[in-house]
Amino acid sequence: MPLITAVRAHFQQQFQSTPTQLFSAPGRVNLIGEHTDYNDGFVLPCAIQFATVLASELNQSQVIQIYAADYNELHLIDLTKAITPVATPRWANYVRGVVAGLINKGLAIPGCNLVVAGNVPQGAGLSSSASLEMVLGLGLSTLAGAPLSPADNALNGQQAEHQFAGCQCGIMDQLVSAAGQAGHAMLLDCRSLEFQAVPMSSSLSVLIINSNVKRGLVDSAYNERRQQCEQAAQFFGVKALRDVSLDMLEQAATTLEPLIYQRARHVVSENARTLAAAKALADGDVTSLSQLMAASHASMRDDFAITVPAIDFLVAEISDVIGNLGGVRMTGGGFGGCVVALLPHDLVPTVMARVNATYPAFSGLTATMFVCTASQGAQALEAAVTAQHADA
Ligand code: GLA
C-alpha cells in the first residue's frame with residue numbers, strides 16, 4: 001500500500017478521524033564528503049524518494065499522542081511536564097527531542113494526534129532518523145503556527161540527536177532532508193550552512209546497495225571518530241579540521257599522534273575531494289568522479305577505519321564492473337550500511353547481477369539494491385494531492 005494511504009488508514013483506525021494535515025521528509029544518500037560535516041567541511045548528498053510521512057490533527061488537549069505505525073506503538077507526551085529522554089521505545093526519543101527543542105525555541109506546541117510511518121530502510125545509513133526529525137519539525141512547527149526554516153529545522157533535529165539519541169552527528173542528514181531539491185545533489189558548506197543545488201547528470205543512475213550488515217556500536221564508534229577529529233583540530237589550534245590544509249597536515253606528519261594524523265588526513269583530503277566532485281558532477285566529468293569516489297572509499301577504509309570487509313568487497317566488485325564509467329564508495333556513517341554507485345543506466349543490471357552472484361558467498365548475506373532519484377526535501381503535502389494520488 002502506498003505510504004500516504006497507509007498513514008491515512010492508520011490515522012482513521014487509531015483516532016477515528018481524518019488527519020487535517022500531512023507532511024513528508026525524505027532520507028538521503030551521500031555521494032561524497034563523509035565525516036566532514038562535523039568538521040565544518042563540505043558534503044554532497046541528495047535526498048531520496050524514500051520518506052517518512054506524518055499525519056496530524058489538533059486534539060484540544062495538552063498531550064501529544066503519536067502512533068508509530070512501523071512499530072505499532074502509541075507514545076504520549078505530556079506538554080505540561082518537562083520533556084526528557086526515555087529508556088524505551090527508542091524511536092520516541094527522536095520525537096521527544098524534536099518537541100523539547102521546539103518548546104525551547106518558544107514555540108507553543110499544541111496537543112495533537114499524530115501518525116508517522118516511513119519507508120526509509122532503517123539502520124542502513126540512509127537517514128531514517130533525520131527524516132523523522134525533519135517531518136516532525138516541519139509538522140509540529142506548522143501546527144504551532146510558526147513553520148521553521150529548513151536550516152532551523154535541521155539544527156533542531158541535530159540537537160535532538162545529540163541530547164536525546166546520544167549521537168553527536170553533524171548537520172548533513174537533517175539539512176538535506178529539510179532542503180533537498182528534486183533532480184539535484186546538494187553541495188553544503190557545513191560551517192556557514194550555505195548550500196547550492198548541483199544538477200544530477202541525466203546519464204547516470206544513483207544505485208544504492210544495502211550490504212545488510214548489522215551495524216553494532218555505531219554511535220560510540222561515531223562519537224569516537226568525532227572526538228579524534230576534535231583532538232586533531234586542537235593540535236593545530238583551529239576551530240575545526242576545515243581550517244587545516246594538506247600542507248599543514250604534512251608538516252605535522254611526524255609530530256601528530258599517528259592515529260590522529262590518519263583521521264585528520266581523511267577529513268582534510270575528503271573536503272578537497274568533495275569540492276572537486278561537485279564540480280565534476282556539474283561538468284559531467286565522470287572519469288574524475290570515478291577517481292574521487294574511489295579515493296574517498298580508500299580513505300574511509302585506510303585512514304578513517306569505518307568500513308567493514310563486506311562493504312569493501314561490494315565496492316571492489318562494483319568497481320570492477322563499472323571501471324571509470326562511474327563511481328562507487330561506501331556512503332553514510334560507516335560500520336556497515338550502504339554503498340552508493342553513480343553509473344550509466346545500462347550498467348545497472350550488470351552490477352546487480354554481479355552483486356547477486358558473488359556477495360552472498362563472501363558475506364553470507366543478500367544485498368538489497370535500489371535505484372534512487374534525487375528528491376524534494378521536507379514538505380507539507382497538499383490535501384487534494386494526498387487524497388487523490390496517495391502515492392508518496
Ligand atoms: C551520519 C551523521 C552525519 C554524518 C555522516 C558521515 O550520517 O548523522 O552527520 O557525519 O554520518 O558523513
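This is a predicted model: local features need pLDDT of at least 70, side-chain atom pairs count only at pLDDT 80 or more; totals for chains, interfaces and linings use all residues.
Local features need pLDDT of at least 70, side-chain atom pairs count only at pLDDT 80 or more, and totals for chains, interfaces and linings use all residues. Residues are numbered from 1 along each chain as its sequence is written, and side-chain values use heavy atoms, with hydrogens and water left out.

**View 1. Helix H3 packs against helix H5.** H3 covers residues 128–143 and H5 covers residues 172–179. Helices (H or I, at least four residues) and strands (E, at least two) are DSSP runs, numbered from the N terminus. The two helices pack at an angle of about 50 degrees, and their axes lie 9 Å apart. That makes H3 oblique to H5. Angles under 35 degrees count as roughly parallel, over 145 as roughly antiparallel, 65 to 115 as roughly perpendicular, and the rest as oblique. Axes are lines fitted to C-alpha atoms, for helices over the stretch in contact, and angles run from 0 to 180 degrees between N-to-C directions.

**View 2. Residues of H3 meet residues of H5.** From H3 come Ala130, Ser131, Glu133 and Met134. From H5 come Asp173, Gln174, Ser177 and Ala178. Contact means heavy atoms within 4.5 Å. The residues of this contact divide into three nonpolar, three polar and two charged. Here Ala, Val, Leu, Ile, Met, Phe, Trp, Tyr, Cys and Pro count as nonpolar, Asp, Glu, Lys and Arg as charged, and the others, Gly among them, as polar.

**View 3. Strand E5 pairs with E2 and with E3.** E5 spans residues 112–118, and six of its seven residues are buried. Buried means under 20% relative accessible area, exposed over 50%, partly exposed in between (1.4 Å probe, protein chains only). Strand E2 (residues 42–58) pairs with E5 in the antiparallel sense over seven bridges. Strand E3 (residues 63–68) pairs with E5 in the parallel sense over five bridges. Two strands pair if DSSP finds at least two bridges between them. Look for valine 115 in E5: alanine 55 stands opposite. Tyrosine 67 also has valine 115 as its bridge partner.

**View 4. Four strands form an open sheet.** The order is E9-E10-E8-E11, with antiparallel pairing. E9 (327–331) and E11 (368–372) are the edge strands, and each pairs on one side only. Neighbouring strands are turned by 20 degrees against each other on average, direction ignored. E8 (residues 204–210) and E10 (residues 338–344) pair over seven bridges. Leucine 207 has alanine 341 in E10 as its bridge partner. Helix H9 (residues 286–302) lies across E8, E9 and E10, and runs at about 30 degrees to E9.
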